[in-house]
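How can one read the inside of a protein model step by step? Please examine the sequence and the structure below before following the explanation.

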Amino acid sequence: MSEQERILKFQVFRYNPQKKGDKPRMVTYEVTEAPGMTVFIALNEIREQQDPSFQFDFVCRAGICGSCAMVINGKPTLACRTLTSTFENGEIKLLPLPGFELIGDLSVNTGKFMRAMSERLESWIHDADADDVNFDKLEERMDPDVADQIYELERCVECGCCVSACATKRMRPDFLSAVGFMRLARYALDPRDKRSDEEFYEIIGDDDGVFGCMTLLGCEDYCPKDLPHQTQIAYLRRKMLAN
């Protein structure tokens, strides 16, 4: 058998909390590797050809939606961007992302967390003239360098990998975590958002906010989009200390 036709062994976490009597367990599946195969492609093959009850999430299959995030051989990352060829021994262990409500097997409810985070941060542009809606008003001009910085932060796909990799989040359930800091930094940079530093301080100026981060770098180490999480945390800390 050639290297491209080797047999992959997937140890997969299985548990359906909605099924009475079901218990957490690890189940092994074997898949014949194909050229360019990703973990996502292999999981699809398992569900289509071996076990249709197997649960995992996906939408875009291109590393844009963040839905297929899971723990792969101990690392929180995206299944659609993880090539099976990177595992020399062909053994792959899959677990759901910790820190989120389990839906079933590898499927977790990141949406519930992200919505609560968005409401907590009031993730929309706070315009001083919001009550005076004028659809004919021209959009406020923005410095191109600032626009580029905002675009960089908007690349976050809210996959939840940084949340699962955060030791502080494990100890403090209400800790905002890196995805929240990235979101708030985006609005703090945006000149169209008229909130003051004092108003931002009320949201993140405590141990559950930006000062609770222990700088263990898990968020930056495991971000599948290679976003500058620590740079943004430092940026927000400097703004908060000015108050």
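Predicted model: local features only at pLDDT ≥ 70, side-chain atom pairs only at ≥ 80, totals over all residues.

A cavity is a set of grid points, taken over the protein atoms alone, where a 1.4 Å probe fits but cannot get out. Rolling a probe the size of a water molecule over the atoms shows where empty space is left.

Three cavities of 30 Å³ or more are present in the structure. The second largest cavity has a volume of about 70 Å³. Its lining consists of 13 residues, and those nearest the centre of this cavity are C156, C159, C162, C223 and H229. Sorted by class, the lining of the second largest cavity contains nine nonpolar, two polar and two charged residues.

The lining of the largest cavity comprises twelve nonpolar and four polar residues, with no charged residues.

Helix α9 spans residues 229-241, and its partner, helix α7, spans residues 197-204. The two helices pack at an angle of about 115°, and their axes are 9 Å apart. The crossing in which α7 passes α9 is left-handed. On the side of α7, the contact is made by D197, F200, Y201 and I204; on the side of α9, by L236, K239 and M240. Of the residues in this contact, five are nonpolar, two are charged and none is polar.

S164 belongs to helix α4, which covers residues 161-164. Is S164 buried or exposed? S164 counts as buried because its relative accessibility is 10%, and the term applies to values under 20%. Apart from neighbours within four places in sequence, S164 is in contact with P76, L97, P98, F100 and R170. One of these, F100, illustrates how the fold brings separate parts of a sequence together: S164 and F100 are 64 residues apart in sequence, yet their C-alpha atoms are 8.1 Å apart in space.

Conventions
Residues numbered from 1 in each chain as written. Heavy atoms only, no water. Axes fitted to C-alpha atoms, helices over the stretch in contact; angles between N-to-C directions. Helix = DSSP H or I, 4+ residues; strand = E, 2+ residues; numbered from the N terminus. Left-handed = near helix turned anticlockwise from the far one by under 90°. Contact = heavy atoms within 4.5 Å. Nonpolar A, V, L, I, M, F, W, Y, C, P; charged D, E, K, R; others polar. 1 Å grid on protein atoms, 1.4 Å probe; cavity = no way out; pocket = protein on both sides within 12 Å on 5 of 7 lines; lining within 4 Å. Points joined across faces, edges and corners; volume = space filled by probe spheres on them. Buried < 20%, exposed > 50% of the residue type's maximum accessible area, 1.4 Å probe, protein only.
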